[in-house]
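My entries follow the structure.

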Amino acid sequence: MVMDDLDALQDRHAGCETVAFADLSTQMVLVTNSQTQLRRETLDMLCAEAAIVLGDAKMVMLGANPGNVAFVATKNQLRIFLRSESEPSDVLCCVCAPNLDVPGFLSDARPCLEKISHGA
Amino acid sequence: MMLFGPQLSQRGRVVPDRSVIATKLAALVEKNARLKDGKRLISHDLPPLAAILREIDDTVLERTLIFGIGQTNVHAVVAGRRLKGIVEISGDVTAQDDIVGQIFSRDDPAPLAAIGTLLKKLCDATPQVTVISTAPRPLGSSAEAGVATAALASAWAVDTVRQPATALQQFVAANVALITASYHVADGQPPQTTGDTARLQDIWKTQITLFRKRHKSVVGKPATPMLIGIQTKQPNQMLCLAVVDGEQCLISGPADGLPALLASWTQIFGD
């Protein structure tokens, strides 16, 4: 199940609080990890932010090309948006602590996203 | 007994280098201190020569300050906020008789000018300067006081009244190795740029206002400080927008530098 994959990803990274699988074409969060504390409207906001920072083939808000990964770092939070290589509309939206091991998390999150994306 | 550098105790165990520990402890108590290879980085918020003068001005008790500039180490004897002389120059630059071992004095401008020229040449080639404070090495007599920083600044034509860099400027300077271009705009100030900024200028003119408006419409009032980083695969690049109060900076560079840039951001701006 997708939720199990998201739970497993979140469990493996202590600094990761929320992992949401979303579809950018409809701007909808489809599944989250079971332990997330975020409300529906916050998840919607997260997905909308992913659409703005990553962009798509039709509209890029910042730069010339759509992003494959984007980060929004604030004083006490790191939001990570990771786009599927095979299905550009599929993304993981992650809310993490600022001290997260980013390379370690990404190397784990990429195969997780591709697995979900292929099975979804 | 050796005072500095890794030592062996009488039992044959390795004793930690005390000067490195002292430098790290000093850096830990100093707000926003940065270390590079165990040495304290001093040029993160001031131009290199001004940063060297600040270190001299901050040194009251007699010490030997080892300034690391690129591959060269300049060992300066400093006391009472004055530069007494240079006891050693090691690394890329061979020892120079007109500098090493001389007691600096305002009455003898030639050695002062020579060390100023050498430091400027080194700093122009490598703008990052580090320092280690070590035990004083003998040089001249206690009656020979050396030269105060104001006179050094005058002799070396260093502007010491320049404002220290803002936190965002420090962030950009500290990560210069990860960045190919930056376009920094502060309220009411002309842009400060590094590298080839043609693309960043274009983004600034055509995209930033709309992007920030759209982002604000989604997240409400955006947090500050905030760093937005985007990695693209085609081409393999990163584009970042850093926002700190009234300052904004666009940054570009190779995509694989983004995690290190994020780590640096958290170190400087995180809780």
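I began with helix α7 of chain B, residues 208–219, where helices (H or I, at least four residues) and strands (E, at least two) are DSSP runs numbered from the N terminus. The 12 residues of α7(B) reach 16 Å from the first C-alpha to the last, close to the 16 Å expected at 1.5 Å a residue; the expected span is 1.5 Å times one less than the number of residues.

I noted that this is a predicted model, in which local features need pLDDT of at least 70 and side-chain atom pairs pLDDT 80 or more, while totals for chains, interfaces and linings use all residues. Residues are numbered from 1 along each chain as written, chains are lettered from A and ligands numbered from 1 in written order, and side-chain values use heavy atoms, without hydrogens or water.

I looked up burial next (buried: under 20% relative accessible area; exposed: over 50%; partly exposed: in between; 1.4 Å probe, protein chains only). B:Ile208, B:Phe211, B:His215 and B:Val218 are buried in α7(B). They line one face of the helix, because their directions fall within an arc of 95 degrees down the axis, taken from the axis to the C-beta atoms. The face turned away carries exposed B:Thr209, B:Lys213 and B:Ser217.

I then checked contacts (heavy atoms within 4.5 Å). The buried residues of α7(B) pack against α2 (40–54) of chain A and, in chain B, α6 (198–206), β12 (226–232), β13 (237–244) and β14 (247–254). Just after α7(B), B:Gly220 takes a positive phi of about 80 degrees.
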